[in-house]
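Welcome, and please open your viewer. We will go from stop to stop, selecting a few residues each time and looking at what is there.

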Amino acid sequence: MRSMVFFPSLLGAAAIAVAAQAETIQVTVDRLVYTPAEVDAKVGDEIEWINKDGLVHTATVKGGWEVNLPAKKSGRLLLQEPGSFDYICRYHPNMKGRITVRP
Ligand SMILES: [Cu+2]
């Protein structure tokens, strides 16, 4: 029974260690939908969009950055500033996503 008590605290310590590192967060693009549509991230994390469609998409912030997503390919963005970013696809403007970046 004693080991049952120990395990949760070990897992907790591991989770904290992982959270402190920069992460790559994957967003799938499939049938003109970003999944997940809303992402919480922090400065230093990277977003990787994986385009499963046979169409070119983008992740575009009006007046800001744009990531090109060729058909069946992926694209990446390093998050360098905090804020909340609503993005769309340049070619299919009804595709919508949001990234919230914490400092
Ligand atoms: Cu598109």
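Begin at the copper ion, whose donor residues follow the sequence spacing H-x31-C-x2-H. Select H57, C89 and H92: the protein donors are ND1 of H57, SG of C89 and ND1 of H92, lying 1.9 to 2.1 Å from the copper ion. (Donors are N, O and S atoms within 2.8 Å of the metal, or 3.2 Å for Na, K and Ca; water is not among the atoms, so sites may look incomplete.) H57 sits in strand β5 (residues 57-60) and H92 in the loop between β8 (83-88) and β9 (96-102), so this pair, 35 residues apart, links distant parts of the chain. Strands (E, at least two residues) are DSSP runs, numbered from the N terminus.

Before moving on, a word about what is on screen. This is a predicted model, in which local features need pLDDT of at least 70 and side-chain atom pairs count only at pLDDT 80 or more, while totals for chains, interfaces and linings use all residues. Residues are numbered from 1 along each chain as its sequence is written, and side-chain values use heavy atoms, leaving out hydrogens and water.

Are the two histidines, H57 and H92, buried or exposed? H57 counts as buried because its relative accessibility is 0%, and H92 counts as buried at 17%. Buried means under 20% relative accessible area, exposed over 50%, and partly exposed in between (1.4 Å probe, protein chains only).

Next, show the open sheet of four strands, in the order β2-β1-β4-β7 with mixed pairing. (Two strands pair if DSSP finds at least two bridges between them.) Its edge strands, β2 (33-35) and β7 (74-78), each pair on one side only.

Now colour β1 (residues 24-30) and β4 (residues 46-51), which pair in the parallel sense over six bridges. T24 has E46 as its bridge partner in β4, and V27 has W49. On the other pairing, β1 and β2 run antiparallel, joined by three bridges, with D30 opposite V33. In the turn of this hairpin, which has two residues between the strands, find R31 with its positive phi of about 50 degrees.

Stay on β1 and display side chains: I25, V27 and V29 form the covered face, while T24, Q26, T28 and D30 form the uncovered one. In a regular strand the side chains alternate between the two faces of the sheet.

For the last stop, select W65. Leaving aside residues up to four places away in sequence, W65 touches W49, A59, T60, L77, F85, Y87 and I99, where contact means heavy atoms within 4.5 Å.
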